[in-house]
Amino acid sequence: MRSRPRVVNRNGDLGVANRSPTRDIRLVAEKRQPPPGPPPTLLQRVVAKVAPIGCGGLFVAGLVAMIWQSCDTHSGIYEAGDAFFADLKAGRVEAAYRSLATSRRAQLDLEAFRRATDHRVYRSHEEVVLGEVESFEQSTEACVVGTASLPDGEWGLELYLVKEGDAWRVHSFAIQPPAQMQRMHLLEICY
């Protein structure tokens, strides 16, 4: 077997005769040259590596905030229900009455409201937990089911709320004793 003849190329390197001189020039040009000037400091190297991660993190945080805001459509409903029950428990019947929807106050005077809420579920509950929200009528009406904890058990409750301007207001409310095995439909308008 014969070997190829060896020749000296333009760069003075010992190479193979059929090797292209253009390829040798390309190999030299492809070698990375350090950038001109002093080498980067430790801080500059850290910032160069961390900055893209920080920008990506800010982008993801902004995206999560936008999604959270678009998904959090029921917070006003829960706030109105919680405030209603907190006012009744604290004995602020007039405040709870003022938080009712305008259309409900037109049907129910303060004394009738006071009699309707003169029950230990409204006045001495340990905790009220509002659960599932069902919105309808272009999201200007909603029903919420929940429970009120008392020493003798969990009472079922249901609220019907309407949106007035930007605020949710309680329109109707009902309770169910704990002896019931299955939750009943308490407010006809919700079904």
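**Notes on the predicted model: aromatics, salt bridges and strands**

1. There are seven aromatic pairs in this structure, where a pair means Phe, Tyr or Trp rings (for Trp, the six-membered ring) with centres within 6.5 Å, planes under 30 degrees apart being stacked, over 60 edge-to-face and the rest tilted. One of them is the tilted pair of Y97 and F113, at 5.5 Å centre to centre and 55° between the planes. That pair links distant parts of the chain, with Y97 in helix α4 (residues 93-98) and F113 in helix α6 (residues 110-116), 16 residues apart. Helices here are DSSP runs of H or I with at least four residues, strands are E runs of at least two, and both are numbered from the N terminus.

2. Before going on, a word on the ground rules: this is a predicted model, so local features need pLDDT of at least 70 and side-chain atom pairs count only at pLDDT 80 or more, while totals for chains, interfaces and linings use all residues. Residues are numbered from 1 along each chain as its sequence is written, and side-chain values use heavy atoms, with hydrogens and water left out.

3. Back to F113. At 0% relative accessibility it is buried, and Y97 is buried too, at 14%; the cut-offs are under 20% relative accessible area for buried, over 50% for exposed, and partly exposed in between (1.4 Å probe, protein chains only). F113 also pairs edge-to-face with F173, at 5.9 Å centre to centre and 85° between the planes. Because F113 sits in helix α6 and F173 in strand β6, this pair ties together parts 60 residues apart in sequence. F173 is buried, as is F113. The whole aromatic cluster is made up of F84, F85, Y97, F113, Y122 and F173.

4. Now the charges. The model has five salt bridges, counted when a side-chain nitrogen of Lys or Arg is within 4 Å of a carboxyl oxygen of Asp or Glu. E94 and R114 form one of these, their closest N and O atoms being 2.9 Å apart; it links helix α4 to helix α6 across 20 residues. R114 also bridges to E111, with 3.6 Å between the closest N and O atoms. Those two both lie in helix α6, three residues apart, or about one turn of the helix. Together, E94, E111 and R114 are linked in a network. Each is partly exposed: E94 at 34%, R114 at 28% and E111 at 43%.

5. On to the strands, which pair if DSSP finds at least two bridges between them. Strands β4 (residues 141-150) and β5 (residues 153-164) run antiparallel and are joined by 10 bridges, with A148 partnered by W155. The two form a hairpin with two residues between them. β5 then pairs antiparallel with β6 (residues 167-176) over nine bridges, and L157 stands opposite I175. This is a hairpin as well, again with two residues between the strands, and G165 in the turn has a positive phi of about 70°. A salt bridge joins the side chains of R169 and E164 at 3.2 Å, N to O. R169 is partly exposed at 25%, and so is E164 at 27%.

6. Last, helix α3 (residues 75-89) holds A86, which counts as partly exposed at 38% relative accessibility. A86 and R123 are 37 residues apart in sequence and 8.9 Å apart in space, C-alpha to C-alpha.
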